[in-house]
Amino acid sequence: MTAVPTSLSHDLGLTAWQVRYQQRGFWRNRRAAFFSLIFPMMFLVIFGGLQHGNTLDVRGNLSFIDFYTPGIMAYAVLLICFNSSAMVFAALRTNGILKRVRTTPLPWLAYVGGAVGSTLIVLVLSIVLLFAIGVPLFGAHVPGEKMVGLLATLALGAAAFTTLGIAAARLVNKPENGAGLVSVVTLPMVFISNVWYPMDGSPAWIQDVSKALPLRPLADGLQAAFDPRFGGTGILWRDLLPLAAWAVVGCVLMTGYLRSLARRA
Amino acid sequence: MQAIQVSEVHKSYGDVQAVRGVSFEVAQGEVFCLLGPNGAGKTTITEIVEGHRVATSGTVEVLGIDPGSGDRGLRDRIGVVLQSSGIQEELTVGELLEMHGRWYSRCLAPDHLIDLVELDAKRDTRAGELSGGQRRRLDLALGLVGDPDVLFLDEPTTGFDPHARRAAWSTIRSLCQTGKTVFLTTHFMDEAQFLADRVAVMVEGQIVASGPPEALGGRDELPTEIRFVLPDDVVLGELPPLPDSAVSADGGAILVTTSQGVAATNALTGWALQNRIALSRFSVSQPTLEDVYLALTETETASAEEATR
């Protein structure tokens with residue numbers, strides 16, 4: 001009788017193995033791939049094209065593409081980390097994959113890790129593609145040293161939205177309604193978060209609401225990296241702290257949900 | 001050591017007692033089949049043994065380990081084929097077997113499994129594009145991928161056409177010959193008859209009868225049934241005396257139930273030949289497993305209903 005190996009390196013190997021198969025599955029689901037990857041690129045091309053050569057006076061004549069490139073990156077984080085995770089984890093529960101996995105020796109966390117790892121690969125690819133559209137096509141400014149702040153903001157944003165997305169799967173009872181439900185929750189936030197439209201000059205109460213939500217600090221933090229008015233490494237605690245707080249909230253909610261999934265009644 | 005040992009298991013949900021003191025054992029290499037009407041608690045006890053649920057009281061051991069503990073070593077040695085469980089539909093049959101295989105400490109080669117469940121032509125087909133029956137065969141292959149010591153099969157052939165059922169049965173039977181312990185639930189009596197070494201019937205949360213399918217509920221001692229149709233010009237009164245028999249009309253035919261099957265048959269056929277009487281549609285049969293099952297579940301359900309009244 002061979003005993004099941006239980007070392008950490010073995011489990012990490014299993015997680016990497018799961019990432020591989022999650023990736024294969026992801027790219028074969030054309031609709032999911034379109035919505036999470038092509039959709040943000042399409043927005044950037046449309047907005048970038050519409051406002052080509054225009055500047056944002058309230059932000060010291062910032063070129064619109066330097067507003068949109070990071071804004072759409074924030075949108076991509078929302079779509080890929082939050083929307084997709086919510087859908088994937090809701091499906092996992094409702095279609096019975098969870099039930100199957102639970103009777104196998106695969107550790108539940110390796111399955112979760114595989115799904116999360118696959119999501120992060122898609123996110124990295126999406127950010128690279130958005131750079132590839134924004135910079136050569138429309139002349140967005142490469143952040144340079146502020147790349148540090150950009151990556152820190154992206155990492156915290158990805159952590160916050162992935163954990164919140166997994167926790168939000170709890171609310172989706174039928175996967176076929178999930179996409180609509182998730183959009184209803186996220187779309188109003190997208191409108192007031194400097195993603196599709198600059199919030200400068202909006203009423204104070206809307207500003208307060210949007211700053212309390214996680215998308216606004218993500219968009220603001222990324223936009224600072226493209227904005228010449230901000231210098232240094234682009235690390236802005238103004239945005240990183242709220243994102244970190246949301247990541248903590250997300251972790252707590254996600255852990256509770258994942259525990260409830262693993263529990264035997 | 002028994003492969004599965006269940007003793008005095010109770011499971012209640014609020015006020016509802018789904019399982020009320022169930023005990024049974026399954027020996028290593030045995031094919032054990034749980035029968036029972038819907039709502040009898042069959043699924044609940046099955047899920048407890050599989051480790052999906054934990055019992056309210058009582059003890060369960062599979063290969064000496066409590067399945068409710070979620071022990072990884074145990075999960076490495078069992079295979080569970082659920083009635084309906086999800087799958088990554090974008091992955092192909094071959095990829096899914098490969099992916100699942102790595103989860104176990106020992107595993108069977110995808111090609112071997114695909115061969116076993118006769119999905120050769122579907123190796124590169126995505127799971128989402130398989131027909132219902134093909135999907136069940138993939139489920140079976142996935143249950144076997146870790147070369148389990150104990151295999152759980154929950155209604156493995158529901159939705160199969162007769163040919164596919166026969167094929168699945170011979171696959172399962174050949175598995176049994178390799179020494180695997182099989183825990184089977186089914187609605188089909190012929191399936192239980194064909195596959196099981198031992199059958200237990202569950203009604204209202206309790207096991208009401210168990211034994212080999214040939215002897216369940218004293219089936220081997222139940223009266224033999226002889227059926228035939230008399231020609232129009234012969235009346236019932238002309239029949240010869242039959243040993244320890246009861247004669248009744250069964251639709252258009254005559255039904256003789258007797259504990260002396262051989263003697264009664266001999267008396268009847270001798271009388272018919274001697275008098276040149278043609279007995280059409282002549283048959284001699286033992287009650288089927290289904291007859292016994294229906295009798296067991298009907299009386300038990302009725303008495304249980306009476307008790308609650």
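**Entry 1: two helices of chain A**

I began with the contact between two helices of chain A, where Gly149(A), Leu150(A), Thr153(A) and Gly157(A) of H6(A) meet Leu218(A), Gly221(A), Leu222(A), Ala224(A) and Ala225(A) of H9(A). Sorted by class, this contact holds five nonpolar residues, four polar ones and no charged ones. I note here that the model is predicted.

I then looked up the geometry. Two packed helices are described by the angle between their axes and the distance between the axes. Helix H6 covers residues 147-168 of chain A and helix H9 covers residues 215-226 of chain A; their axes come within 8 Å and cross at roughly 165°. Angles over 145 degrees count as roughly antiparallel, and H6(A) and H9(A) are therefore roughly antiparallel to each other. I recorded their crossing as left-handed.

**Entry 2: Ile127(A)**

Is Ile127(A) buried or exposed? I find that Ile127(A) is buried, because 20 other C-beta atoms lie within 10 Å, and 20 or more is the cut-off for a buried residue. Ile127(A) belongs to helix H5 of chain A, residues 108-138. Leaving out residues up to four places away in sequence, I list Met73(A), Ala76(A) and Leu154(A) as what Ile127(A) touches. I also checked Thr69(A), which is 58 residues from Ile127(A) along the chain; the two C-alpha atoms are separated by 9.5 Å.

**Entry 3: the largest nonpolar core**

Which residues touch the most other members of the largest nonpolar core? The core has 138 residues, and I find Ala74(A), Val77(A), Cys33(B) and Ala141(B) in that position. Helix H3 of chain A, residues 64-94, gives the most to this core, with 22 residues.

With residues up to four places away in sequence left out, Ala141(B) touches Leu97(B), Leu113(B), Ile114(B), Leu116(B) and Val117(B).

**Entry 4: helix H3 of chain B**

I listed the buried residues of H3(B): Val93(B), Glu95(B), Leu96(B), Leu97(B), Met99(B) and His100(B). They pack against helix H1 (8-28) of chain A, and also against helix H4 (110-116) and helix H5 (132-144) of chain B.

**Entry 5: where the chains meet**

How many residues of chain B are in contact with chain A? I have 29 residues of chain B in contact with 24 residues of chain A. On the side of chain B that touches chain A, helix H2 (72-75), strand S5 (78-81) and helix H3 (93-101) of chain B each supply at least two residues. I sorted that side of chain B by class and have nine nonpolar, 11 polar and nine charged residues.

Key
Residues numbered from 1 in each chain as written. Chains lettered and ligands numbered in written order. Predicted model: local features only at pLDDT ≥ 70, side-chain atom pairs only at ≥ 80, totals over all residues. Contact = placed C-beta atoms within 7 Å. Helix = DSSP H or I, 4+ residues; strand = E, 2+ residues; numbered from the N terminus. Nonpolar A, V, L, I, M, F, W, Y, C, P; charged D, E, K, R; others polar. Core = buried A, V, L, I, M, F, W, Y, C linked by C-beta atoms within 7 Å. Buried ≥ 20, exposed ≤ 12 C-beta atoms within 10 Å, placed from the backbone. Axes fitted to C-alpha atoms, helices over the stretch in contact; angles between N-to-C directions. Parallel < 35°, antiparallel > 145°, perpendicular 65-115°, else oblique. Left-handed = near helix turned anticlockwise from the far one by under 90°.
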